[in-house]
Amino acid sequence: MSANCCGGYGFDKKAELQSGRYRLILWLALIVNGGMFLVEIFAGLTAGSASLQADALDFLGDAGNYAISLFVLGMALRVRAKAALFKGLVMAVFGVWVIGTAIMHAISGTLPGAMTMGVVGTAALVANAAVFILLWSYRAGDSNMRSVWLCTRNDVLGNIAVLIAAAGVFGTGTGWPDFIVAAIMALLALQGAWVVISQALEEIREEDSRRPLPSSSS
């Protein structure tokens, strides 16, 4: 998921990373992911699909990662770490929300709209595939570039999982495929949030330890 594969700690000051083309790709990816979050969260709520809501969470995490990466580009490590900490906390909250939604639907026996899941899931797959292609030439760049590309690759796999859930709902006539896929995606988001939060706190502690102690006047 986005939280554990996108880095989220901002980008360094290397000239290649700050290239106009890469910035443009990040902006396009931000717009695509932000737009698909709105589409999927509306469709997920309308169709009663927990997996669509989980995938919407993934789009939100990606959009937040791209936005934070662009905003803190070139800033101090402490600023980037605090931004990552905020993103991790937000991801954790949404992860818990998706799990709660999946449990609620499972208890109530909600039957998601398989057709809506299929159509919106396909649109999400196309959107992520387009970003995947744009980032292809950066797949072997530095660790941050590679992490963004790997994140998009994993998003494509998540979209395929939603389509499998849609087929499962259609074939079984029950919502269990949707609930299971949503729970797996939410747990991965929570695990990713934990990684992001832990690393951000570690970076903040490291920065604090490097600060000189205030001198006491005699």
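Reader: How many helices and how many strands does the protein chain have?

Author: In this predicted model, local features need a pLDDT of at least 70, side-chain atom pairs count only at pLDDT 80 or more, and totals for chains, interfaces and linings use all residues. Residues are numbered from 1 along each chain as its sequence is written, and side-chain values use heavy atoms, with hydrogens and water left out. Helices (H or I, at least four residues) and strands (E, at least two) are DSSP runs, numbered from the N terminus. Along the sequence the pattern reads α-α-α-α-α-α-α, and the counts are 7 helices and 0 strands.

Reader: Which element of the protein chain has the highest mean pLDDT?

Author: pLDDT is the predictor's confidence in each residue, on a scale from 0 to 100. The chain averages 77, and 78% of the residues score at least 70. Among the elements, helix H1 (residues 2-5) has the lowest mean, 51, while the highest, 89, belongs to helix H5 (residues 114-135).

Reader: What percentage of the 218 residues of the protein chain count as buried?

Author: A residue is buried under 20% relative accessible area, exposed over 50%, and partly exposed in between (1.4 Å probe, protein chains only). In helix H3 (residues 50-71), 18 of the 22 residues are buried. In H5 the buried residues include Ala114, Met117, Val120 and Ala124. For the 218 residues of the chain, the buried share is 49%.

Reader: How far apart are the end C-alpha atoms of H5?

Author: The expected span of a helix is 1.5 Å times one less than its number of residues. The 22 residues of H5 should therefore span 32 Å, and the model agrees, with the end C-alpha atoms at a separation of 31 Å.

Reader: Is His105 buried or exposed?

Author: His105 lies in helix H4 (residues 77-108). Leaving aside neighbours within four places in sequence, His105 is in contact with Gly48, Ala50, Gln53, Thr110 and Phe179. Because its relative accessible area is 10%, His105 is buried.

Reader: How far apart in space are Gly175 and Ala106, C-alpha to C-alpha?

Author: Gly175 lies in the loop between helix H6 (143-172) and H7, and is buried, with a relative accessible area of 5%. Beyond four places in sequence, its contacts are Thr110, Leu111, Pro112 and Val169. Gly175 and Ala106 are 69 residues apart in sequence, and their C-alpha atoms are separated by 7.3 Å.

Reader: Is Trp194 buried or exposed?

Author: Trp194 lies in helix H7. Trp194 and Leu85 are 109 residues apart in sequence and 9.7 Å apart in space, C-alpha to C-alpha. With a relative accessibility of 62%, Trp194 counts as exposed.

Reader: What relative accessible area does Ile184 have?

Author: Ile184 lies in helix H7 (residues 176-210). Ile184 is partly exposed, because its relative accessible area is 49%.

Technical notes. Contact = heavy atoms within 4.5 Å.
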